[in-house]
Amino acid sequence: MEQQAERAIVQRQLEELHRAVGSPGGVPDGRVVAYYPPSMAGQAQLFGLAATDIEGTQWEVGDAGVRFPLHSISKVFTYGLALEDNGREEVLLRVGVEPSGDPFNSISFDEVNHRPFNPMINAGALVAVNLVHGATKEEKVERLLTRLRIYAGNPDLAVDEDILAEQLVSNDRNVALSYLMRSLGMLHGNIEDNLYVYLAACSVTVTAAELSTMAATLARGGANPFTGVPALPRSYTRDVLSVMSMCGMYDAAGQWAYEVGIPAKSSVSGAILAAIPDAIGVGVYSPGLDRHGNSVRGIAVCRELSDRFGLHVFADPSESRLGRIVRPGRREEATEMYPSGDGWLPDGL
């Protein structure tokens, strides 16, 4: 009975969060500066929010069942597979773990160590793809797909061939970046095949609910919370979450780590994956990007989870206000969201 009540509290909290962020005044006017692709401006109202805890309970609000491409979020899982295939030391020789301070598609490198700064920007992700084992591009794509299906708990996840075709014909910057890196000895082999694998992973479509399961898998140490099937060894999951926390939010990553403190990865599709270790995974989808290429509503959701719900990774566990039933012998203060008294917990708590 208590578990059911706790689940109901979280559902209500997420619904109120979704309503507050999605309202006309939920985010400051003018914060949205772009849509990707531009045609998504016609679907600006889409807003899906989902959360999955490490025990396998899931909550969905709004457009949590709408499919969208992973785009840059796929870099998280490509990096994980590269680590597993090669080991930490070998991967570090090829791609670093430092925030670049530059946009995700910048042509810049760590010149001291002769490698891309990190695997969450395009240059580093292309090297991570290069490190994934496989005799052919098709084998690499299939291996990545297999892992993504385990993370999401959906054996039917697939590459959207139409999205992939569009990506392949509008890919000049990544082509130039790849040939430059090969000329510098950072990338090896067939450039076109490597780009195909990279873009195929970006073109896999998921829902916000599936994205929250993928995040919860990371939060649970690499094992899917519903199936228990491991998607990544725990030691490498730690590495992935560490890089997400420092480099996952494009050139706003340092500010994100300082202010929000939740390991996360964004994509220009308008999605954000956020994983709070040993607790919960969150998936947000809302077109409408800020100047860094991050979802405006997704950023607002994560800020509230950190500020109002106490889910910053360095917050004291007692600060958490997600759920929070008052049990006999334990009294907890209910933190209100707004000075008006519109709280985030049921009346009487």
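Me: What volume does the largest cavity have?

Reply: This is a predicted model, where local features need pLDDT of at least 70, side-chain atom pairs count only at pLDDT 80 or more, and totals for chains, interfaces and linings use all residues. Residues are numbered from 1 along each chain as its sequence is written, and side-chain values use heavy atoms, with hydrogens and water left out. A cavity is a set of points on a 1 Å grid over the protein atoms alone where a 1.4 Å probe fits but cannot get out; its volume is the space filled by probe spheres set on the points, joined across faces, edges and corners. The largest cavity comes to about 30 Å³.

Me: Which element gives the most to the lining of the largest cavity?

Reply: Lining residues have an atom within 4 Å of a point. Among them are V141, L144, V197 and A200. Helices are DSSP runs (H or I, at least four residues), strands likewise (E, at least two), numbered from the N terminus. With four residues, the top contributor is α5.

Me: Is Y285 buried or exposed?

Reply: Y285 sits in strand β7, residues 280–285. Contact means heavy atoms within 4.5 Å; Y285 touches M40, F47 and F68, among others. Buried means under 20% relative accessible area, exposed over 50%, partly exposed in between (1.4 Å probe, protein chains only). At 3%, Y285 is buried.

Me: What relative accessible area does N130 have?

Reply: N130 belongs to helix α4, residues 122–131. Its contacts include R94, K140 and H188. N130 is buried, with a relative accessible area of 16%.

How values were computed:
On a 1 Å grid over the protein atoms alone, a cavity is a set of points where a 1.4 Å probe fits but cannot get out, and a pocket is an open set with protein on both sides within 12 Å along at least five of seven lines; lining residues have an atom within 4 Å of a point. Lists of a residue's contacts leave out its neighbours within four places in sequence.
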